[in-house]
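Colleague: I'm new to this model and would like to take a close look at just one part of it. Could you walk me through the part I ask about, and then tell me how the rest of the chain sits around that part?

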Amino acid sequence: MRTLHTFIFFFICSVCATNAQELNIYTEQAQKGYSVYVDNDAIYPQSLLLQFKLTNLAFDNDNYSIFVLPAKTKRYKIGNLTVQNPRLKNSFSYTTKTTKGDVLLDVKTNAVVYDLPYKKGNSFKVSQGYNGNLSHKNEFALDFTMPIGTEILAAREGTVIEVVQHNTKSCPQEECKKFNNYITVLHNDGSFASYVHINYNGARCKVGEVINRGDVIALSGNTGWSSGPHLHFVCFFGGFDAVRSFETKFKLNDGSLVSVLDEGKSYLRDY
């Protein structure tokens with residue numbers, strides 16, 4: 001008969017979408033087996049896909065389960081592992097995937113109208129649109145061609161969850177994606193927006209800050225996977241294998257016109 005001992009083990013995030021922050025998964029001895037807990041230290045919710053391989057144990061939930069972990073949560077219990085036969089040895093292993101946000105939320109494309117992410121009086125061209133042939137394949141992302149140092153405005157209110165601004169390198173190949181500078185904002189419906197290729201030390205906000213529409217959040221740049229100065233803007237929900245980006249509608253001209261943006265066209269913000 002195997003004696004049950006309290007033990008802790010840590011999950012190292014080896015397969016993570018959208019740079020999700022590491023989660024700590026651990027067990028504690030319980031009356032008939034083990035209780036399973038997760039700590040999420042991130043300031044945003046995260047989703048966990050957990051698949052067990054069990055010997056002489058049963059998990060409360062399915063062996064292949066999805067859990068949504070609230071932000072800044074300690075000892076979030078996700079279930080119990082119960083010994084089936086106390087006279088036999090028991091063991092388990094598991095595989096995981098994580099992603100930012102609530103993976104169970106539906107992608108909604110028309111629920112919110114966004115502001116153009118630059119100041120009144122400016123007009124910039126969409127050099128690459130949704131599902132573009134260069135770097136936007138299977139992605140609802142927009143590239144606005146704009147000079148380095150252009151003020152980038154928040155297209156929607158939310159909470160800043162990521163700021164990367166230390167990189168200086170760029171190249172037109174995907175290998176330079178690791179040098180992207182960016183800001184990620186969590187919206188109140190659980191979606192995210194990323195503002196990418198900002199200038200070195202170009203952030204004008206910090207992690208944890210609540211921002212409003214129209215706030216200056218960064219200066220545009222040409223960092224990372226880029227062939228020229230531009231702002232890459234994408235809205236998405238989390239996904240385990242890839243983020244679930246979606247179309248966004250913007251207020252145009254004086255704000256009375258609302259439309260999805262098309263590649264090759266320029267758009268004036270006069271509001």
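Which residues touch the most other members in the largest nonpolar core?

Modeller: Seven residues stand out here: Leu 116, Phe 144, Ile 183, Tyr 195, Ile 217, Phe 233 and Leu 261 touch the most other members of the largest nonpolar core, which has 33 residues. By such a core I mean a set of buried Ala, Val, Leu, Ile, Met, Phe, Trp, Tyr and Cys residues joined through side-chain atoms within 4.5 Å. "Buried" is under 20% relative accessible area, "exposed" over 50% and "partly exposed" in between, with a 1.4 Å probe and protein chains only.

E10, E11, E15, E16, E17 (198-203), E19, E21 and E23 (249-252) each supply at least two residues of the core.

Before going on, a word on the model: it's a predicted one, where local features need pLDDT of at least 70 and side-chain atom pairs count only at pLDDT 80 or more, while totals for chains, interfaces and linings use all residues. Residues are numbered from 1 along each chain as its sequence is written, and side-chain values use heavy atoms, leaving out hydrogens and water.

Now zoom in on Ile 217. Leaving out residues up to four places away in sequence, Ile 217 touches Ile 152, Leu 153, Ala 154, Ile 183, Tyr 195, Gly 202, Ala 203, Arg 204, Cys 205 and Ile 211; a contact means heavy atoms within 4.5 Å. Two of those names, Ile 183 and Tyr 195, are also on the list of residues that touch the most other core members. A second, separate core has 15 residues, including Leu 50, Ile 78, Leu 81 and Val 83. In soluble globular proteins, nonpolar side chains tend to be buried together.

Stepping back, the protein chain has 25 strands and zero helices. Its C-alpha trace spans about 75 × 35 × 35 Å along the principal axes, and 48% of the 271 residues count as buried. Of the contacts between residues at least 6 apart in sequence, 67% join residues at least 24 apart.

Charged side chains tie parts of the chain together too. There are 11 salt bridges in the structure, each a side-chain nitrogen of Lys or Arg within 4 Å of a carboxyl oxygen of Asp or Glu. Asp 115 and Arg 269 form one of them, at 3.9 Å from N to O. Asp 115 lies in the loop between E9 (113-114) and E10 and Arg 269 in the segment after E25 (266-268), so this pair joins parts 154 residues apart in sequence. Both partners are buried.

Glu 157 and Arg 213 make another, with the closest N and O atoms 3.2 Å apart. This one links the loop between E12 (151-153) and E13 to the loop between E18 (210-211) and E19 (216-220), 56 residues apart. Glu 157 is partly exposed at 31%, and Arg 213 is partly exposed at 29%.

How values were computed: Helices (H or I, at least four residues) and strands (E, at least two) are DSSP runs, numbered from the N terminus.
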